Amino acid sequence: MKQLKLVFFSIFAFFFVFAMLMLRPFGSPQRTSMDHYIIENSQKEAACNNVVSAVVFDYRGFDTLGESTVLFAAVSGVFLLFRRK
Amino acid sequence: MHAENEKNSKIIEFAALGLMVPIITFGIYVIAHGHLTPGGGFQGGAIMATAFALLFVSLGKKAIESIKGEVLVALECIALIGFIGIAFLGMGNTFFFNFLANSGVLFGEKVPFGPNSGIFSSAGVIPLMNFFVGLEVCCGLTLIFFLIFKGAD
């Protein structure tokens, strides 16, 4: 069992070191077209000064709908757990 | 926990009630300026929920009895329905279309490109959605605290 743990750990460490060596240099991400589109157009299309807000509520509004539905489901679960008969 | 033996000091009760005012004001500020500064509905709602958590911790049974759970449930449902309703109002183009932006009516001013110009009446439906999401998060988290504190005694 101890050898098995060691094998798994070395496989993980190998992939980790491999990924570290493959890292791109800091400040040069691979794909930037979407970032540039949002930074340049969010003030024009969404009229929003806060670009993060424009992404969360306008470009990716569906994601926010999912988040608030998850919160609603969590509250419903707590309500069911703590209900009084 | 024995509710009969509990006796909170006046200092804690008074300090908690005094602290609730700036906490809720800060939460409303974060929600209202969600389209200008960092923050928004989720963050502001969580800040406002901490004020109610402070109220429950410091006042105990008195606070639990003074708040009705049905009101919180109704407000949360209204907020979620309002959020989805605003999303449906943009159905002329797409779901979640920002139909108020650049329209000149409500929150409809144009913003210039560049650094944050700080125009409050901008961003279309984003402030309204921030308001509804903030109300939902505040009521939801307060309801969780309320139910757990109520079930604990």
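1. **Ground rules.** This is a predicted model: local features need pLDDT of at least 70, and side-chain atom pairs count only at pLDDT 80 or more, while totals for chains, interfaces and linings use all residues. Residues are numbered from 1 along each chain as its sequence is written, chains are lettered from A and ligands numbered from 1 in the order in which they are written, and side-chain values use heavy atoms, with hydrogens and water left out.

2. **Fold of chain B.** Chain B has 5 helices and 0 strands. Its pattern along the sequence is α-α-α-α-α. Helices (H or I, at least four residues) and strands (E, at least two) are DSSP runs, numbered from the N terminus.

3. **Overall shape.** The radius of gyration of chain B is 19 Å, whereas a compact globule of 153 residues would have one near 15 Å. This radius is taken over C-alpha atoms, and the globule rule is 2.2 Å times the number of residues to the power 0.38. The C-alpha trace of chain B spans about 60 × 30 × 20 Å along its principal axes.

4. **Burial and contacts.** Of the 153 residues in chain B, 42% are buried. Buried means under 20% relative accessible area, exposed over 50%, and partly exposed in between (1.4 Å probe, protein chains only). Now take contacts in chain B between residues at least 6 apart in sequence: 65% of them join residues at least 24 apart. Contact means heavy atoms within 4.5 Å.

5. **Surface and charge.** Chain B has an accessible surface of about 8000 Å², and 73% of it belongs to carbon and sulfur atoms. Areas come from the Shrake-Rupley method with a 1.4 Å probe; for residues, only the protein chains shown count as cover. Chain B carries 7 positive and 9 negative charges, and their mean positions are 6 Å apart. Lys and Arg count as positive, Asp and Glu as negative; His and the chain ends are not counted. Each charge is placed at NZ of Lys, CZ of Arg, CG of Asp or CD of Glu.

6. **The interface.** The contact takes 27 residues from chain A and 45 from chain B. About 2900 Å² is buried between the two chains, with 67% given by carbon and sulfur atoms. In chain A, Gln43(A), Asn49(A) and Phe57(A) lose the most area to chain B, together 23% of what that side buries. Buried area is the accessible area (1.4 Å probe) that two parts lose on being put together, summed over both.

7. **Two positive phi values.** Check the loop between helix 4 (69-89) and helix 5 (126-152) of chain B, where Phe96(B) sits. Phi of Phe96(B) is near 65 degrees, positive in a residue other than glycine. Ala123(B) lies in the loop between helix 4 and helix 5 too. Its phi is near 75 degrees, again positive in a residue other than glycine. Phe96(B) is buried, at 6% relative accessible area. Ala123(B) is buried, at 0%.

8. **Ile144(B).** This residue is in helix 5 of chain B. Ile144(B) counts as buried because its relative accessible area is 17%. Leaving out residues up to four places away in sequence, Ile144(B) touches Val75(A) and Val78(A). Ala53(B) is 91 residues away along the chain, yet the C-alpha atoms of Ile144(B) and Ala53(B) are separated by 9.7 Å.

9. **Ser53(A).** On the other chain, Ser53(A) is found in helix 3 (residues 51-59) of chain A. Ser53(A) is buried, with a relative accessible area of 3%. Neighbours within four places in sequence aside, Ser53(A) contacts residues of chain B including Gly34(B), His35(B) and Asn130(B). Within chain A, its contacts include Cys48(A) and Asp58(A).
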